[in-house]
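Q: Hi! Could you walk me through this one with me? I'd like to start with a pair of charged side chains.

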Amino acid sequence: MLPEQYRLHNSRDFHSVVRSGRRAGGRNLVIYVANRAPETGPPALIFGGPRFGLIVSKSVGGSVVRHTLARRLRPLCVDVAPGLDRGSDVVIRALPPAAVASATVLERDLRRALQRLGVVGGA
């Protein structure tokens with residue numbers, strides 16, 4: 001489970017990251033990253049750590065497939081969080097091939113995209 005302080009909660013936050021953030025993607029995932037201003041939002045959420053949001057649309061598959069994929073992506077967020085700036089917001093958009101990709105491939109795609117965006121060092 002992704003701890004509360006590491007989650008994006010409302011559509012306004014998602015929209016802001018997707019519209020104004022930088023983007024990198026691959027075959028399975030598209031990653032959007034934006035830095036939030038320290039003076040916005042409740043301090044507990046701002047300084048708790050980087051926040052993550054997942055977008056897994058119907059194009060990926062039925063509800064069971066989408067929820068399974070989201071459950072597979074959340075631990076990856078926990079794994080990469082320590083390497084990110086505390087003021088980062090990250091939105092992960094799953095593409096249809098992600099439904100059948102292994103956890104190793106998903107993690108590799110996530111880390112590569114974050115490296116291309118320059119928000120995390122090489123691992």
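Q: Which helix do Arg 111 and Glu 107 lie in, and how many residues apart are they?
A: Both are in helix α4, which spans residues 103-116. Arg 111 and Glu 107 sit four residues apart, about one turn of the helix. This is a predicted model, by the way.

Q: Thanks! How many Å apart are the closest N and O atoms of Arg 111 and Glu 107?
A: They are 3.1 Å apart, and the two residues form a salt bridge.

Q: Okay, how many salt bridges does the structure hold?
A: Five. Some of them share partners, and Asp 13, Arg 51 and Asp 89 are joined into one network that way.

Q: Nice, let's look at that network. What are the N and O distances from Arg 51 to Asp 89 and to Asp 13?
A: For Arg 51 and Asp 89, the closest N and O atoms are 2.9 Å apart. That pair links distant parts of the chain, with Arg 51 in strand β3 and Asp 89 in strand β4 (residues 88-94), 38 residues apart. For Arg 51 and Asp 13, the closest N and O atoms are 3.7 Å apart. Here too distant parts of the chain are linked: Asp 13 belongs to helix α1 (residues 11-20), and the separation from Arg 51 is 38 residues.

Q: Why does Arg 51 count as buried?
A: Because its relative accessibility is 7%, and the cut-off for buried is under 20%. Asp 13 is buried as well, at 18%, and Asp 89 is buried with a relative accessible area of 5%.

Q: What about β3 as a whole, how many of its residues are buried?
A: Five of the six, so β3 is largely enclosed by the rest of the structure.

Q: How many bridges join β3 to β4, and which way do the strands run?
A: Six bridges join them, and the two strands run parallel.

Q: Which residue of β4 stands opposite Val 56?
A: That would be Ala 94.

Q: Back to α1, then. Which of its residues are buried?
A: Asp 13, Phe 14 and Val 17. They cover an arc of only 100° around the axis, so they lie on the same side of α1.

Q: And what do the buried residues of α1 pack against?
A: They pack against β2 (29-35), β3 and β4.

Q: Which residues are exposed on the other side of α1?
A: Ser 11, Arg 12, His 15, Arg 19 and Ser 20.

Q: Let me zoom out. In what order do the elements run from the N terminus?
A: The order is α-β-β-α-β-α-β-α, with four helices and four strands in the chain.

Q: What share of the residues counts as buried?
A: 41% of the 123 residues.

Q: And the surface, how much of it belongs to carbon and sulfur atoms?
A: 54%, out of an accessible surface of about 6,700 Å².

Q: Last one: what share of the contacts with a separation of 6 or more comes from residues 24 or more positions apart?
A: Such residues account for 76% of those contacts in the protein chain.

How values were computed. Residues numbered from 1 in each chain as written. Predicted model: local features only at pLDDT ≥ 70, side-chain atom pairs only at ≥ 80, totals over all residues. Heavy atoms only, no water. Salt bridge = Lys/Arg side-chain N within 4 Å of Asp/Glu carboxyl O. Buried < 20%, exposed > 50% of the residue type's maximum accessible area, 1.4 Å probe, protein only. Pairing = 2+ DSSP bridges. Contact = heavy atoms within 4.5 Å. Areas by Shrake-Rupley, 256 points an atom, 1.4 Å probe, with all protein chains shown as cover. Arc of directions from axis to C-beta.
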